[in-house]
Amino acid sequence: MTKIHIPVLLEECLESLSIKAEGFYIDCTLGDGGHSYKMLSRLSSQGLLLSIDQDQHAIDFVKNFYEIPSNWVLVNSNFSKISQILIDNDITRALDGILMDLGLSSRQLESSHDRGFSYQADNEPLDMRMDEKLGVTALDMLRASSEKELTKLFAVYGEERFARSIARKIKNNISRINTVGDLTGLIYGAVPAAPNHKNPTRRVFQALRIAVNDELYSLEQGLDKSFEILAANGRLSVISFHSLEDRIVKNFFDKQVKKDRGELLFKKVVVPNQEEMDRNPRASSAKLRTIIKI
Ligand SMILES: C[S@@+](CC[C@H](N)C(=O)[O-])C[C@H]1O[C@@H](n2cnc3c(N)ncnc32)[C@H](O)[C@@H]1O
């Protein structure tokens, strides 16, 4: 049985949001509901929690797993549409805090509903859409992109040193690629076995997933709109898992501070302690940043 996703930096997130019992909070990335449920437990019946996920399977899981009280609203959408979500749900009250815990949940990796998020899921199709209403799968993208475009994709979004040879190998064998296993086999064949070059498949999969889901654009839009709709003294906390995401969050926060629109809660980025990393290795690359709106 797939294990439930372990929420990362849980206590630190709750503390960063300084939750008021009667406040209104949004969890932009519901996943298995770990952060949301703890946030909810700090609210009174006058408080309100809105949790968003673009993956309908996440919403279905949480609805089955938890009892959903009337002050916990679940919405299947992309957090880049956060302002519209409030309008659609007739919510006009002051917003006290927003959480984003970016990327994939461990459930999506381990029990993907045949979407091939994990480079270990050999027999799954190369789909990678978190939101199955999106049109383009990872395989469509591999087929439609030129060698040059794939090289750029793997180099920029995957920070992969052997991007060009991987892209060439893929384009030369494109008719043979259908599954995760077909792709990972080719990647290993395209990269020299070097002890200091570990796990190129992970980086290629990260790049494809970012592109298929347009993750960095959603993040930019989501940050912009979230900060806009926050009340004064409201807090925005973001956990990122790789440098591309973290750079966007850091730059966005720094820009607000420069414009005197916000102040950083922590001088230094918050990372998991050793005990958390031992208990949940997935947390190792997590970074938490929080901004308070002025
Ligand atoms: C790391 S998991 C969140 C785990 C959650 N905090 C928990 O404790 O279980 C990230 C979740 O955010 C969702 N997600 C990622 N990007 C999104 C976006 N732009 N809009 C809405 N949901 C998104 C994913 O589908 C995934 O379920």
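**Group meeting: cores and ligand shell of a predicted model**

The protein contains 13 helices and 7 strands, and its C-alpha trace spans about 60 × 45 × 40 Å along the principal axes. For 294 residues, a compact globule would have a radius of gyration near 19 Å, and because the protein has 20 Å, the two agree. If we take the contacts between residues at least 6 apart in sequence, 68% of them join residues at least 24 apart.

Let me turn to the interior. In soluble globular proteins, nonpolar side chains tend to be buried together. Here the largest nonpolar core has 44 residues, and those with the most contacts inside it are Ile 26, Cys 28, Leu 49, Met 100 and Ile 239. Ile 239, leaving aside residues up to four places away in sequence, touches Val 8, Leu 9, Met 100, Asp 101, Leu 102, Ala 286, Lys 287 and Leu 288. There is also a second, separate core of 30 residues, which includes Leu 126, Phe 162, Val 180 and Phe 205.

Now to the ligand: which residues are closest to it? The ligand is surrounded by 23 residues, of which Pro 7, Thr 29, Gly 31, Asp 32 and Gly 34 are the closest. Two elements, helix H2 (34-41) and strand S2 (48-53), are those that give two or more residues to this shell. Sorted by class, the shell around the ligand is made up of 13 polar, 6 nonpolar and 4 charged residues.

Terms used: Residues numbered from 1 in each chain as written. Predicted model: local features only at pLDDT ≥ 70, side-chain atom pairs only at ≥ 80, totals over all residues. Core = buried A, V, L, I, M, F, W, Y, C linked by C-beta atoms within 7 Å. Buried ≥ 20, exposed ≤ 12 C-beta atoms within 10 Å, placed from the backbone. Contact = placed C-beta atoms within 7 Å. Near = placed C-beta within 6 Å. Helix = DSSP H or I, 4+ residues; strand = E, 2+ residues; numbered from the N terminus. Nonpolar A, V, L, I, M, F, W, Y, C, P; charged D, E, K, R; others polar. Rg over C-alpha atoms; globule rule 2.2 N^0.38 Å.
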